[in-house]
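Dear colleague,

Please find below the structure that I am handing over to you.

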Amino acid sequence: MKKDGFWYRAWDLYYDGFRHMTLGKTLWAIILIKLFVIFVILKIFFFPNFLKQHAEKGQEAEYVATELTKDI
């Protein structure tokens, strides 16, 4: 890779910035923990797979269509 190329300079900028971070590493750790909680823990406990419980396998599209057009 050429050292005067755009991609090398961009990589070097971010690599050097993250390497010399002190407080930022802690903040990134907090951000990653929060994302894990939001997307994994909350998904498991608060957002169950509704279609899996109410529609038969392979009939999900028909179930959604009937639910959307039921009151029309």
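In which helix does Tyr14 lie? Tyr14 lies in helix α1; helices here are DSSP runs of H or I of at least four residues, strands are runs of E of at least two, and both are numbered from the N terminus.

Before the details, two remarks on conventions are in order. This is a predicted model, in which local features need pLDDT of at least 70 and side-chain atom pairs count only at pLDDT 80 or more, while totals for chains, interfaces and linings use all residues. Residues are numbered from 1 along each chain as its sequence is written, and side-chain values use heavy atoms, with hydrogens and water left out.

Overall architecture

The protein chain has four helices and zero strands, and from the N terminus on its elements run α-α-α-α. Its radius of gyration is 23 Å, well over the 11 Å that the globule rule gives for 72 residues, so the chain is more spread out than a compact globule. That radius is taken over C-alpha atoms, and the globule rule is 2.2 Å times the number of residues to the power 0.38. Along the principal axes, the C-alpha atoms fill a box of roughly 60 × 30 × 25 Å.

The accessible surface of the protein chain comes to about 7100 Å², and 68% of this belongs to carbon and sulfur atoms. Accessible areas come from the Shrake-Rupley method with a 1.4 Å probe, and for residues only the protein chains shown count as cover. Buried residues make up 6% of the 72 residues, where buried means under 20% relative accessible area, exposed means over 50%, and partly exposed lies in between.

Helix α1

Helix α1 covers residues 6-19 and contains both Trp11 and Tyr15, which are four residues apart, about one turn of the helix. The aromatic pairs come to three in number, counted when ring centres of Phe, Tyr or Trp (its six-membered ring) lie within 6.5 Å, with planes under 30 degrees apart called stacked, over 60 edge-to-face and the rest tilted. One of them joins Trp11 and Tyr15, a stacked pair at 5.8 Å centre to centre with 20 degrees between the planes. Trp11 counts as exposed because its relative accessibility is 56%, whereas Tyr15, at 43%, counts as partly exposed. Tyr14 is exposed, with a relative accessible area of 53%. The C-alpha atoms of Tyr14 and Leu32 are separated by 18 Å, the two residues being 18 apart along the chain.

Asp16 is also found in helix α1. Asp16 and Phe36 are 20 residues apart in sequence and 26 Å apart in space, C-alpha to C-alpha.

Salt bridges

Side chains of opposite charge can pair when their charged atoms come close. The structure holds two salt bridges, each defined as a side-chain nitrogen of Lys or Arg within 4 Å of a carboxyl oxygen of Asp or Glu. Asp16 forms one with Arg19, the closest N and O atoms being 2.7 Å apart. Because Asp16 and Arg19 are three residues apart in helix α1, they are separated by about one helical turn. Asp16 is partly exposed at 32% relative accessibility, and Arg19 is partly exposed at 46%.

Lys70 forms a salt bridge with Glu67, with 3.3 Å between the closest N and O atoms. Lys70 is exposed at 53% relative accessibility, while Glu67 is partly exposed at 36%.

Helix α2

The 24 residues of helix α2 (residues 23-46) should span 34 Å at 1.5 Å a residue, and its end C-alpha atoms are 33 Å apart, which agrees. The expected span is 1.5 Å times one less than the number of residues. Helix α2 has a kink of about 30 degrees centred on Val37, the bend being the angle between axes fitted to the seven residues ending at a residue and the seven starting there.

Yours sincerely

Key: Buried < 20%, exposed > 50% of the residue type's maximum accessible area, 1.4 Å probe, protein only.
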